[in-house]
Structures are given as C-alpha cells and as structure tokens.
Amino acid sequence: MYNSIDNTSWKYGVRPEDFKRQIEYLKKNYRVVALSQIIAFIKGEVDLPNQSVALTFDDGYLDTY
C-alpha cells in the first residue's frame with residue numbers, strides 16, 4: 001500500500017526514484033495482479049500463483065493521479 005509519491009519528506013510518501021526501484025523489484029520477484037484477483041482468491045473463486053501481489057494507493061492524492 002502506498003499513500004503518496006513525491007519528493008517531500010512526508011513520512012507517508014515515497015520518492016519517485018524509490019518507488020521505481022520498488023516496482024522493478026516487485027515485477028522481477030512477484031506476479032503483480034489486479035486487486036480484484038486478490039479479492040476473488042480470498043473468496044475462493046480463483047487460484048493465484050505463489051508470490052502474487054497487488055498494489056494499492058490509499059487516500060487518492062493528486063500526485064497519485
């Protein structure tokens with residue numbers, strides 16, 4: 001879960017270069033899936049491979065848009 005991507009020192013923000021590095025790591029080591037797939041998995045409707053992950057953004061700040 002992310003809150004904000006920005007270059008400020010806000011404790012809930014992630015700098016763009018750190019976000020890029022984190023996303024590259026996730027793409028290399030995990031299977032990125034839609035949140036709807038995670039929900040369907042929890043409901044027992046679909047199977048997902050191990051190491052599946054979904055990214056979410058909390059709050060809806062302008063920098064996320």
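The protein exposes about 5,200 Å², of which carbon and sulfur atoms supply 53%; accessible areas come from the Shrake-Rupley method with a 1.4 Å probe, and for residues only the protein chains shown count as cover. The model is predicted: local features need pLDDT of at least 70 and side-chain atom pairs count only at pLDDT 80 or more, while totals for chains, interfaces and linings use all residues. Residues are numbered from 1 along each chain as its sequence is written, and side-chain values use heavy atoms, with hydrogens and water left out.

The protein contains 2 helices and 4 strands, assigned as DSSP runs (helices, H or I, at least four residues; strands, E, at least two) and numbered from the N terminus. From the N terminus on, these elements follow the order β-β-α-β-α-β. With a radius of gyration of 14 Å, well over the 11 Å that the globule rule gives for 65 residues, the protein is more spread out than a compact globule; the radius is taken over C-alpha atoms, and the rule is 2.2 Å times the number of residues to the power 0.38. The C-alpha trace spans about 40 × 25 × 20 Å along its principal axes.

Buried residues account for 23% of the 65 residues, where buried means under 20% relative accessible area, exposed over 50%, and partly exposed in between (1.4 Å probe, protein chains only). The largest nonpolar core has 7 residues in all: Tyr2, Ile5, Val14, Phe19, Ile23, Leu26 and Val53. Helix α1 (residues 16–29) supplies the largest share of this core, 3 residues. Such a core is a set of buried Ala, Val, Leu, Ile, Met, Phe, Trp, Tyr and Cys residues joined through side-chain atoms within 4.5 Å.

Not counting residues up to four places away in sequence, Tyr2 touches Val14, Phe19, Gln22, Leu55, Thr56, Phe57 and Asp58, contact being defined as heavy atoms within 4.5 Å. Leu26 lies in helix α1 and counts as buried, at 15% relative accessibility. Leu26 and Ala54 are 28 residues apart in sequence and 9.8 Å apart in space, C-alpha to C-alpha.

Gln51 lies in the loop between α2 (35–42) and β4 (52–53). Although Gln51 is not a glycine, its phi is positive, about 70 degrees. At 45% relative accessibility, Gln51 counts as partly exposed.
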